[in-house]
Amino acid sequence: MKRILTLALVSILSTSCLAQQHPGAEEFAAKAAAEYNLDQQEVLLMLENARFKQSIVDAISRPAEGKPWYQYRPIFITEKRIRGGVEFWRENEELIALASRKYGVDPQVIVAIIGVETFYGSITGGYRVLDALATLSFYYPDTGNDRSEFFSKELMNLFVLSNEEGIPVDEVTGSYAGAMGLGQFMPSSYLEYAVDLDEDGRRDLWSSMPDVIGSVANYLHRHGWEPDQPVTFPARVAANANMELVAKRDFKPKKTIAELAQAGFSPSEPVNNETPAAVARLEEEDGDHYFVTFKNFYVITRYNRSPLYAMAVYELSEAIRHGFEQ
Ligand SMILES: [Ca+2]
């Protein structure tokens, strides 16, 4: 009896220490119980196990997307990554064809996303997702853009995911931002878009290649991918073009090609006048370059908001397709 009391006391003491260690943890656990029907005490104990990581704070403070395009591009568009993509496609040809057909997504884009995210599974991130999400929920650095609420929701979804799918919260690894597996799915995306393509009864984005490939395809499909349609073309820009139409964060196509032409932006290839599009600007060493972007470009930005990311995925996908068809 005494031993049980002692254990209970240790548990209570460590729980109260935790509140000091992670500001907001008690509130988080209460919310987990009230809104998600999770075990409050279990969540608290798990959070106690979460470690603050300065390296995660440092990494989120200097994302690659802060670079100009001419410095960002060579990170992802390399001979090695193109060759790796062709090999990955050949190795998983039937699965990729199956997912492409089933979800209506061009195969080279499925390959390129996995290539940009994790180099086809060879770099999936060495952080515990629990540490990453707890650090970014409770200690988000002052970068002028506080995303702690976003990460707090993802931390909650990690507990939900663990509860629903039996994924061990304190073991799973991912990126410094908490993205998991070969396709780098955040917990909310895992819950919403992961699929069990190999039909073994569980969605496994770490070690089931069918589930990984199917889930990436399903993610793009659910965000509106249009198969066999263009992603982007370079734009010809008139001297008096209306630069206010250049998108910064939101690449949802809101103008027709005809309207953009009137505003001074025309795609380098013929496109139906009624097609919705947007305009992106990317910085090359010799100055700004402009692109007419379509629905599919927007869909890629659902994976990562940066137009640099979408352009890198697109360029890599085209280079891989070229290599694959040779
Ligand atoms: Ca499965």
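## Exercises on helix packing and strand pairing

Glycine 166 follows helix α10 and has a positive phi, near 70°. The model is predicted: local features need pLDDT of at least 70, side-chain atom pairs count only at pLDDT 80 or more, and totals for chains, interfaces and linings use all residues. Residues are numbered from 1 along each chain as its sequence is written.

**Exercise 1.** Compare the span of α10 with the expected value.

*Solution.* Helices are DSSP runs of H or I, at least four residues, numbered from the N terminus. α10 covers residues 148–165, 18 residues. The expected span is 1.5 Å times one less than the number of residues.

**Exercise 2.** Describe how α2 packs on α3.

*Solution.* Take α2 (residues 25–36) and α3 (residues 40–49). Axes are lines fitted to C-alpha atoms over the stretch in contact, and angles run from 0 to 180 degrees between N-to-C directions. The angle is about 145°, with the axes 8 Å apart. Next, list the contacts (C-beta atoms, placed from the backbone, within 7 Å). α2 gives Ala25, Glu26, Phe28, Ala29, Ala30, Ala32 and Ala33; α3 gives Gln40, Val43, Leu44 and Leu47.

**Exercise 3.** Find the pairing partners of strand β3.

*Solution.* Strands are DSSP runs of E, at least two residues. Pairing needs at least two bridges found by DSSP. β3 (residues 232–237) pairs antiparallel with β7 (residues 287–293) over three bridges. There, phenylalanine 233 bridges to valine 292. β3 also pairs antiparallel with β5 (residues 265–267), over three bridges. Here alanine 235 stands opposite proline 267.

How values were computed: Contact = placed C-beta atoms within 7 Å.
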